[in-house]
Amino acid sequence: MDAVVLREFGEPDVLKVESISDPVASSGWVTVRLKAAALNWHDVLVRQGRYSSPLPHVLGADGAGIRTDTGEEVLVLPSLWWGDRDAAPSAQWEILGDHQRGTYAELVRVPADCVAPKPRGLSWEQAAALPLVGLTTYRALFTRGRLRAGENVLVLGAGGGVATMAVMLASAVGANVTVTSSTAVKIAQAQELGAANGALYTDPEWPDEARRLTPDGQGFDLVLDSVGTWEQSIAALRPGGRLVVLGASRSELATLDVRPFYFGQYELIGTTMGSPRDFAGLLTLLDTESVPPVPISAAFPLAEAAAAHKHLEQGSGFGKVVLSHG
């Protein structure tokens, strides 16, 4: 099969298409002939060597295609061996594409419980863009964040995959959504997907501006932070609010004043990815609520994975970047 092979860690140009052996069939595993794969920032970190992946390696967590044994159209669940405990994953848990061959290939092999029926009405690219970002966002908002209809939620970084999905899911259940972005254009795009308003994080006083955008001006019940700016995120919360952290794209270190934190009765909640139960909850929500497909920022053929990574790292698009397998 053709696959994008990583033989050394580094910049996007280390991603090269090669012909490698097909996955070997084994009990408890299924093989999917992929129609599309989606990129995630996590893939960039794998490419850079942050997860000590074995070399040579095929990265990629997200994908959609056809089961080779049954002919079913399926999504690939990239959360492997989560376990039975919903509060946190097992010690064996890992993300597809970290150490197991991923989806930047014509075929991928995954545990049998890591495939789910492709939702009706989605293109292959839209389906491939759903699993990681959808699962991660669903768990962050609902399983961990306990978001309810009528609450005010702030989503940082409009335009990214998680932020885009968060706007769509939160607004679908009746939450009031505000976003932050570096540009008014991305705020307007988020409003088209259900956000009520937005604040520019280029303004040093953006937490105060965002708080003023809530109906009572008191701040947010929930802030979804995938960038790592905890101090500013907490400043945007109302007393008793919840900060859900699921990324560190802008900052990997945070300093907090302890007394204001506990006097504010805040909650700091960490999360990443999700369980098969979270994934089932996501698919049920998509089936029962009017949630639009994941926006696609750009599509590249498999052979242009390096160019796709460069596009992702520029951060100029709105929505997901995908690889189309034809």
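This is a predicted model: local features need pLDDT of at least 70, side-chain atom pairs count only at pLDDT 80 or more; totals for chains, interfaces and linings use all residues.
Student: Let's start with the helices. How do α3 and α9 cross?

Tutor: The axes of α3 (residues 131-144) and α9 (residues 276-288) come within 9 Å and cross at roughly 95°. That makes α3 roughly perpendicular to α9.

Student: Which residues in α3 meet α9?

Tutor: From α3 they are Pro131, Gly134, Leu135, Tyr138, Arg139, Phe142 and Thr143. On the α9 side, the partners are Asp278, Phe279, Gly281, Leu282 and Leu285.

Student: And what does that contact have by class?

Tutor: The contact of α3 with α9 has seven nonpolar residues, three polar and two charged.

Student: Switching to rings now. How many aromatic pairs are there?

Tutor: The count comes to five aromatic pairs. One of them is Trp29 with Trp81: the ring centres are 5.9 Å apart and the planes sit at 70°, so this pair is edge-to-face.

Student: Where do Trp29 and Trp81 lie?

Tutor: Trp29 is in strand β3 (residues 29-38), while Trp81 is in the loop between β6 (79-80) and β7 (94-95). The pair therefore ties together parts that are 52 residues apart in sequence.

Student: How accessible are Trp29 and Trp81?

Tutor: Trp29 is partly exposed, at 23% relative accessibility. Trp81 is also partly exposed, with a relative accessible area of 33%.

Student: What about the rings of Tyr262 and Phe263?

Tutor: Their centres are 5.1 Å apart with the planes at 35°, so that pair counts as tilted. Tyr262 is partly exposed at 45% relative accessibility, whereas Phe263 is exposed at 63%.

Student: New topic, Gly65. Is Gly65 buried or exposed?

Tutor: Gly65 is buried, because its relative accessibility is 0% and the cut-off for buried is under 20%. Its place is in strand β4 (residues 62-67).

Student: So what does Gly65 touch?

Tutor: Leaving aside residues up to four places away in sequence, Gly65 touches Val32, Arg33, Leu34, Lys35, Glu72, Glu73, Val74 and Trp124.

Student: Last one: how far apart are Gly65 and Val76?

Tutor: They are 11 residues apart in sequence, and 8.1 Å apart in space from C-alpha to C-alpha.

Key. Residues are numbered from 1 along each chain as its sequence is written. Side-chain values use heavy atoms; hydrogens and water are left out. Axes are lines fitted to C-alpha atoms, for helices over the stretch in contact, and angles run from 0 to 180 degrees between N-to-C directions. Helices (H or I, at least four residues) and strands (E, at least two) are DSSP runs, numbered from the N terminus. Angles under 35 degrees count as roughly parallel, over 145 as roughly antiparallel, 65 to 115 as roughly perpendicular and the rest as oblique. Contact means heavy atoms within 4.5 Å. Ala, Val, Leu, Ile, Met, Phe, Trp, Tyr, Cys and Pro count as nonpolar, Asp, Glu, Lys and Arg as charged, and the others, Gly among them, as polar. Rings of Phe, Tyr and Trp (its six-membered ring) pair if their centres lie within 6.5 Å; planes under 30 degrees apart count as stacked, over 60 as edge-to-face and the rest as tilted. Buried means under 20% relative accessible area, exposed over 50%, partly exposed in between (1.4 Å probe, protein chains only).
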